[in-house]
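This report looks at one strand, its neighbours and the nonpolar cores. Please view the sequence and the structure first.

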Amino acid sequence: MNRLVFRVGEWTTLRDALLKDAPLEAAAALLVAQGHFEGGMRLVVREVVHPAAEDYVRRSNIEASLQPAFVANMLKRARMEGIGLILAHSHPRQRNLAFSPVDDAAQVLLAPVQHFRAPKGPHGFLVVGPRGFRARLFDAAGQTTLEIERVQEVGATLHTYDRDGVDAGEPVPEIFDRNVRAFGAAGQRLLNTMTVGVVGVGGTGSVVVEELARLGTGRLILIDPESVEETNLNRLIGAEESDVGLPKVAVAEKAAKRARREIRVDGYAETVVAEATTRRLLDCDFVMCCTDSHGSRAVLNQLAFQYRLPMIDVGVRIDAKDSLVTNMSTRVQMLAETLACLNCHPLLDPVAVRRDLLADQTSDPYFVGHFEPQPAVISLNAATSSMAVSMLLSASTGFPGQARHLVGRPIDGAVRPIKSTPDPTCIVCAAGNALAMADAWPMIWRRHEG
């Protein structure tokens, strides 16, 4: 699904500004960075620029035409930043929203100019009406190349807007009755259309997959390079002895389908530190990070902020000496704009990150070297994973819950919220660095596998 992604509040502000002078049409310019994946595009809005009155050539009930100097200035900025320009305007009186013949003619006229002056693109048009939107990208010849189906605002909460909205009259299947009683029919309908990525489907990830399937998530993208081992069976939800040797993603897919037959599952037995694999996640509305290596966490941490892709990181740790537990800790942390990233605390070991990202193809795709296996107990994994899924629900459906960073001390029986304060100079989550830059900023993934 192709998405146009804003920071929280930016889309609603733009929509209101374009419609406030109805029936007069209004216009705006969106500077956007692209994140491409196979079959689609994630478009990250870097900035919304509202023209002043003098920036219009004409403005009426049927037209909002901008001065060439205004458009030229926007294209200059796009070229200098290596990004693209989407020109937006309103159709405040149109009940069945669509691009007009005037829009089609303007697209053919402007397309070669936009692509010449800012060749990296992407370039497109957005039209906003009282009940929805239409958006599309075009090539240098003015031919439409891609239509955008979904607009999202991403921060500590995720707000989702489809082209024509969610049909409020569409009945919710009876199986979800208890969900609806908790977070409403609109929240359930949204879940039924969401794509959620789960990276790492082992002890914590397998619980997340099971719960998301039963909640009614529309589609899951599962990534994990490992196969089931006998020592996994004590905590891998859905696995049985006959599954030993099978890819974990295959076992997780089987479990999800058993929980709900209609769910769509795409599983990839690949490492998430590889570019081709990681880009698959750009087709997600939300991602659950359930990996257990610093390299994979570093890649996902940057992905969340650079591509404005909301994510929840799940961590469980048990320290033991001579078979006696000395410490236990858990962490559930949302990674999104306005919240601190994993570099800000810091939680990532740079030496381990470098080692993981430089691993060659003869190494294990998640781990390099030899490590002593750590203790793992299904009850602690399940409790932590359930907190993570509840956080996803509160961030996206309106299910009650304000905490976006929880730490637990199971020995003390304590779980408490943490206030995450971003580092204003952070290379990942601070403005002016990787934040919301998409493909216009280098990622740390492995660019070539093999």
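## The hairpin of strand 8 and strand 9

In this predicted model, five residues lie between strand 8 and strand 9 in their hairpin, and Gly142 has a positive phi near 85° there. Strand 9 covers residues 144-147 and pairs with strand 8 in the antiparallel sense, over three bridges. Leu137 has Leu146 of strand 9 opposite.

## The pairing with strand 7

Strand 7 (residues 123-129) also runs antiparallel to strand 8, and six bridges join the two. Gly129 has Gly132 in strand 8 as its bridge partner. The hairpin that joins strand 7 to strand 8 passes through two residues.

## Burial of strand 8

Because seven of the seven residues of strand 8 (residues 132-138) are buried, the strand is largely enclosed by the rest of the structure.

Nonpolar side chains tend to be buried together in soluble globular proteins. Here the largest nonpolar core has 86 residues, and Leu4, Leu30, Leu126, Leu281 and Leu303 have the most contacts inside it. Strand 2 (residues 27-37) supplies the largest share of this core, eight residues. A second, separate core has 39 residues, including Leu212, Ala259, Met288 and Ile312.

Not counting residues up to four places away in sequence, Leu303 touches Thr278, Leu281, Leu282, Arg308, Leu309, Met311, Met443 and Trp445.

Key. Residues numbered from 1 in each chain as written. Predicted model: local features only at pLDDT ≥ 70, side-chain atom pairs only at ≥ 80, totals over all residues. Heavy atoms only, no water. Buried < 20%, exposed > 50% of the residue type's maximum accessible area, 1.4 Å probe, protein only. Helix = DSSP H or I, 4+ residues; strand = E, 2+ residues; numbered from the N terminus. Pairing = 2+ DSSP bridges. Core = buried A, V, L, I, M, F, W, Y, C linked by side-chain atoms within 4.5 Å. Contact = heavy atoms within 4.5 Å.
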